[in-house]
Amino acid sequence: MEKHFEALVQGLIDEKWAMVDDFIPKDKIDILKKDILSHFNAGDFNAAGIGWGSEHTVKAAIRSDKVLWLDSGNQEKDSFYRYYISMMNDFKDYLNRELYLGIKRFESHLTVYEPGAFYKKHVDQLKGANSRVVSCIFYLNENWQSEDGGQLRIYPNETDEVNYTDVLPIYNRIVVMLSDDVYHEVRPSFKKRLSITGWMRADDTLIPL
Ligand code: OGA
Ligand code: MN
């Protein structure tokens, strides 16, 4: 795991983002995947929103994924994800040791893009605000091909629409990026696309929204 953390940190330093494949043991993922689908099918997911606190609104023209927060007090649900969350807490400690980022906690939600869903170009943290420091997205999609869409498109800056890098949301891949600096979008997905999306936060706020 240390080897993976090292590669992710090096990428953050060099490119502001990084990706690692074969991140966790496969038997751990299969149980997560089953649980995500059963919660999704039970209608436990909500339309994702934009903004925080009183500014929070659902804007389907900007994003159309559905989410289920993990750290909102649902112990039973969270237990399935204990392995992943504890590993990301180790990554938090590693980031603080290596880069002195002052991260206080890791928050995350399960994410489903149904066919047709997308998320337009954005950064995860507005400049000046500093609560979200590093974004971490873990993908759980077997046999994902380019024609299935749903690419994470990473741009060099806010205005450049040409020199992007596309990353497929494939099984057991993790992407990390600086939350206030990396412009990215999720291209329309043509198949059901599963991920766990999380942020390393520099504040203690316990309510995610
Ligand atoms: C997000 C996001 C990217 C992805 O949730 O903020 O940009 O690949 N996700 O799912
Ligand atoms: Mn994002």
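Q: Is Asn143 buried or exposed?
A: In this predicted model, Asn143 is exposed, because its relative accessible area comes to 64%.

Q: And where does Asn143 lie?
A: Asn143 belongs to the loop that runs between β6 and β7, the latter being residues 152-154.

Q: What is its phi, the phi of Asn143?
A: Phi of Asn143 is near 50°, which is a positive value in a residue other than glycine. As background, most residues other than glycine have a negative phi.

Q: Which loop holds Asn172, the other one with a positive phi that I wanted to check?
A: Asn172 sits in the loop between β8 (165-167) and β9 (173-178), and its phi is positive at about 70° although Asn172 is not a glycine.

Q: Is Asn172 buried or exposed?
A: Asn172 is buried, since its relative accessible area is 2%, whereas Asn143 is exposed at 64%.

Q: Switching to the metal: which residues coordinate the manganese ion?
A: The manganese ion, ligand 2, is coordinated at 2.1 Å by His122 through NE2, by Asp124 through OD and by His184 through NE2.

Q: How are those donor residues spaced in sequence?
A: The spacing of the donor residues of the manganese ion reads H-x1-D-x59-H.

Q: Why do His122 and Asp124 count as buried?
A: His122 counts as buried because its relative accessibility is 11%, under the 20% cut-off. Asp124 is buried as well, because its relative accessible area is 9%.

Q: OK, what surrounds ligand 1?
A: The residues around ligand 1 are Tyr119, His122, Asp124, Ile137, Tyr139, Leu152, His184, Val186, Arg193 and Thr197. By residue type, that shell divides into 5 nonpolar, 3 polar and 2 charged.

Q: What distances separate the oxygen atoms of ligand 1 from the side chains of His122, Asp124 and His184?
A: For His122, an N or O atom of the side chain is 3.2 Å from an oxygen atom of ligand 1, and for Asp124 a polar side-chain atom lies 3.1 Å from an oxygen atom of the ligand. For His184, an N or O atom of the side chain is 2.8 Å from an oxygen atom of ligand 1.

Q: How much of ligand 1 does the protein bury?
A: Ligand 1 exposes 290 Å² when taken alone, and the protein buries 99% of that area.

Q: Which elements give two or more residues to the shell?
A: Those elements are β5 (119-122), β6 (132-139), β10 (184-186) and β11 (193-201).

Q: What about Thr197, where is it found?
A: Thr197 is found in strand β11, and it is buried because its relative accessible area is 12%. The side chain of Thr197 also makes a polar contact of 2.8 Å with the side chain of Thr111.

Q: New topic, salt bridges: how many are there?
A: The count comes to 14 salt bridges. As a general point, side chains of opposite charge can pair when their charged atoms come close.

Q: Which residue does Asp65 pair with?
A: Asp65 forms a salt bridge with Arg63, in which the closest N and O atoms are 2.8 Å apart, and both Asp65 and Arg63 are buried.

Q: Which residues are linked with Arg105 and Glu107 in a network?
A: Arg105 and Glu107 are linked with Arg132, Arg201 and Asp203 in a network of salt bridges. Within the Glu107 and Arg105 pair, the closest N and O atoms are 3.4 Å apart. Glu107 counts as buried because its relative accessibility is 0%, and Arg105 counts as buried because its relative accessibility is 13%.

Q: Which residue does Arg187 meet in a salt bridge?
A: The side chain of Arg187 meets that of Glu185 in a salt bridge, with an N to O distance of 3.6 Å. Arg187 counts as partly exposed because its relative accessibility is 29%, whereas Glu185 is buried, with a relative accessible area of 8%.

Q: Last one: how many residues separate Ile103 and Met200 in sequence?
A: Ile103 and Met200 are 97 residues apart in sequence, while their C-alpha atoms are 6.1 Å apart in space. Ile103 lies in the loop between α4 (82-99) and β4 (105-113), and Ile103 counts as buried because its relative accessibility is 5%.

Note on methods. Residues numbered from 1 in each chain as written. Chains lettered and ligands numbered in written order. Predicted model: local features only at pLDDT ≥ 70, side-chain atom pairs only at ≥ 80, totals over all residues. Heavy atoms only, no water. Donors = N, O, S within 2.8 Å, 3.2 Å for Na, K, Ca; no water. Buried < 20%, exposed > 50% of the residue type's maximum accessible area, 1.4 Å probe, protein only. Near = heavy atom within 4 Å. Polar contact = N/O pair within 3.5 Å; in protein donor to acceptor, adjacent residues only side chain to side chain. Areas by Shrake-Rupley, 256 points an atom, 1.4 Å probe, with all protein chains shown as cover. Helix = DSSP H or I, 4+ residues; strand = E, 2+ residues; numbered from the N terminus. Nonpolar A, V, L, I, M, F, W, Y, C, P; charged D, E, K, R; others polar. Salt bridge = Lys/Arg side-chain N within 4 Å of Asp/Glu carboxyl O.
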